[in-house]
Amino acid sequence: MVILPMTVVKRFNDCLMPTHNEVQETYQDVKHLAVIDIFLTTASGYQFYNISKFTFDSLVTDPQNIEANFKDYLAGFSSNI
């Protein structure tokens, strides 16, 4: 029961990888604003985004904290995910 959800999350990750740094930079610029979704969806190029500093690649570099880091990664997705 874990494979399908992980496949979907991995696909989201792969879609967002090319714009990950741009989304991170945009988030730092607009996080104080009341409405940030339009800026972040524009930066990501999709109708969703992830503001977590983690990616699938960076999660495996810290195996001791993978559970907490993965939770942070999942929480970083926009609310429509």
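Thr55 touches Asn13, Met17, His20 and Tyr73, leaving out residues up to four places away in sequence; contact here means heavy atoms within 4.5 Å. Thr55 sits in the loop between helix 3 and helix 4, helices being DSSP runs of H or I with at least four residues, numbered from the N terminus. At 8% relative accessibility, Thr55 counts as buried, the scale being buried under 20% relative accessible area, exposed over 50% and partly exposed in between, with a 1.4 Å probe and protein chains only.

A word on the model: it is predicted, so local features need pLDDT of at least 70 and side-chain atom pairs count only at pLDDT 80 or more, while totals for chains, interfaces and linings use all residues. Residues are numbered from 1 along each chain as its sequence is written, and side-chain values use heavy atoms, with hydrogens and water left out.

Now the cavity. Searching the whole structure turns up 1 cavity of 30 Å³ or more, where a cavity is a set of points on a 1 Å grid over the protein atoms alone at which a 1.4 Å probe fits but cannot get out, and lining residues have an atom within 4 Å of a point. The largest cavity holds about 70 Å³ of space; grid points are joined across faces, edges and corners, and the volume is the space filled by probe spheres set on the points. Thr55 is one of the lining residues, along with Asn13, Leu16, Met17, His20, Val23, Tyr49, Asn50, Ser52, Phe54 and Tyr73. Helix 1 (3–16) and helix 2 (20–30) are the elements that give two or more residues to that lining. By class, the lining has 6 nonpolar, 5 polar and no charged residues.

Leu16 also belongs to the largest nonpolar core, 8 residues made up of Val9, Leu16, Phe48, Phe54, Phe56, Leu59, Tyr73 and Phe77. Such a core is a set of buried Ala, Val, Leu, Ile, Met, Phe, Trp, Tyr and Cys residues joined through side-chain atoms within 4.5 Å. Helix 1 and helix 4 (56–59) each supply at least two residues of this core. Setting aside neighbours within four places in sequence, Leu16 is in contact with Ser44, Tyr46, Phe48, Tyr49, Asn50 and Phe77. There is a second, separate core of 6 residues, with Val23, Val30, Leu40 and Ala43 among them.

|---|---|---|
| Helix 2 | His20, Val23, Gln24, Thr26, Val30 | Asn21, Glu25, Asp29 |
| Helix 3 | Leu40, Thr41, Ala43, Ser44 | Ile38, Thr42 |

For helix 3 the buried residues fall within an arc of 160°, so they line one face. What covers the buried residues of helix 2 includes helix 1 and helix 3, and those of helix 3 pack against helix 1 and helix 2.

Asn21, in helix 2, counts as exposed at 56% relative accessibility. Asn21 and Ser44 are 23 residues apart in sequence and 9.3 Å apart in space, C-alpha to C-alpha. Just after helix 3, Gly45 takes a positive phi of about 85°.

Note on methods: 1 Å grid on protein atoms, 1.4 Å probe; cavity = no way out; pocket = protein on both sides within 12 Å on 5 of 7 lines; lining within 4 Å. Nonpolar A, V, L, I, M, F, W, Y, C, P; charged D, E, K, R; others polar. Arc of directions from axis to C-beta.
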